[in-house]
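I opened my notebook to look up a few things in this structure.

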Amino acid sequence: MELDSDEAVTWFTSEKVRRPFLEKLHPAATIRPCSYNIVVQFIPLTFRVDKALDLRELEEVNGLQSRVINRVRWIKPVARRHPSQTCGHIILTFSAPSPANDMLVYGLFICHKKVYAEKCKKEPLRCLKCHNWGHMVAECTSEADVCGTCSQHHRTADCDNTDHLHCVSCGASGHSSWDRSCPVFQCKCKELNEQLEDNSMPYFPTEEEWMQVKEPPKTVFVMQPPGPAAPAGGKTMGFRQTTLPWASSRRHEQGGGAWADQDGYQSQHWHSYE
Ligand SMILES: [Zn+2]
Ligand SMILES: [Zn+2]
Ligand SMILES: [Zn+2]
């Protein structure tokens with residue numbers, strides 16, 4: 001919901017206005033306050049995301065107001081960690097845009113480690129039951145569960161066929177349906193980025209001008225398929241725009257395997273649309 005002035009926000013925030021408005025709109029309608037999500041990479045696993053005490057300490061160490069961070073969670077479920085993994089990526093949820101922007105600019109300290117953050121971009125919606133695009137499980141018309149890892153008929157969590165990766169989206173073997181390097185996923189991200197202005201803004205927009213800037217398109221190195229040798233002195237490597245918030249090759253640094261999965265990162269991105 002968007003209102004065009006501060007007065008309108010104050011007016012609408014009052015319980016006397018909001019409650020009857022929601023009752024008329026729909027008996028089950030609620031209003032959830034905006035949240036501002038940032039991704040922070042390579043956090044030591046000793047960080048306790050479920051402890052309020054650790055959150056308050058994080059705020060204090062980084063000069064933030066108390067309780068400005070609503071939530072912290074690991075992107076990859078704890079059960080999927082590799083035995084040798086020492087770091088993971090987290091999503092920090094802020095209740096206001098400005099402190100989130102400060103962390104994007106200056107970075108932050110977590111467990112005595114200086115780390116840097118990126119704004120969470122919106123990503124295409126993929127159903128966790130059938131792995132097709134544009135709807136969620138609640139609206140899924142598929143009869144059977146399809147495994148996001150091997151494409152067979154069982155739930156992803158029950159997969160015992162993890163050596164046979166197969167992607168529902170592009171029909172290829174060798175990667176799972178939740179692999180962020182899937183060409184169909186990347187193509188859908190590109191389409192979405194073209195539609196959503198917000199995805200090209202590195203900060204959460206506020207009235208301050210520096211928070212409204214747009215970022216130039218990112219380039220990322222991609223291997224060219226084997227082919228005729230490039231002419232001497234010519235280009236030997238290709239660049240293209242990426243839709244990923246960071247190089248997908250980084251995921252290996254987490255201890256093997258894709259770091260994001262179908263019930264983690266993506267669903268978070270679409271939280272506000274649920
Ligand atoms: Zn579905
Ligand atoms: Zn499976
Ligand atoms: Zn694929």
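Are Glu-123 and Arg-180 buried or exposed? I found that Glu-123 is buried, and so is Arg-180 (buried means under 20% relative accessible area, exposed over 50%, partly exposed in between, with a 1.4 Å probe and protein chains only).

Before going on, I noted that this is a predicted model, where local features need pLDDT of at least 70 and side-chain atom pairs count only at pLDDT 80 or more, while totals for chains, interfaces and linings use all residues. Residues are numbered from 1 along each chain as its sequence is written, chains are lettered from A and ligands numbered from 1 in the order in which they are written, and side-chain values use heavy atoms, with hydrogens and water left out.

**Salt bridges**

I looked up what joins Glu-123 to Arg-180, and it is a salt bridge with its closest N and O atoms 2.7 Å apart. The pair links distant parts of the chain, 57 residues apart, with both residues in the loop between S6 and H5. My search of the whole structure gave 8 salt bridges (a side-chain nitrogen of Lys or Arg within 4 Å of a carboxyl oxygen of Asp or Glu).

I also checked Glu-15, which forms a salt bridge with Arg-19 at 3.4 Å between the closest N and O atoms. Both lie in helix H2 (residues 15-25), 4 residues apart, about one turn of the helix (helices, H or I, at least four residues, and strands, E, at least two, are DSSP runs numbered from the N terminus). Glu-15 is partly exposed because its relative accessible area is 39%.

**Cores**

Next I went to the largest nonpolar core, where Ile-38, Val-40, Ile-90, Leu-92 and Phe-94 touch the most other members out of 26 residues. Such a core is a set of buried Ala, Val, Leu, Ile, Met, Phe, Trp, Tyr and Cys residues joined through side-chain atoms within 4.5 Å. The largest share of this core, 4 residues, comes from S1. I noted a second, separate core of 5 residues, including Cys-167 and Phe-185.

**Cys-150**

I then picked Cys-150, in the loop between strand S6 (117-119) and helix H5 (183-195). Cys-150 counts as buried because its relative accessible area is 4%. Leaving aside neighbours within four places in sequence, Cys-150 is in contact (heavy atoms within 4.5 Å) with Cys-159, Asn-161, His-164 and His-166. The C-alpha atoms of Cys-150 and His-164 are separated by 5.7 Å, with the two residues 14 apart along the chain.

**Surface**

Last, I looked at Leu-3, in the segment before helix H1 (6-13). Leu-3 counts as partly exposed because its relative accessibility is 34%.
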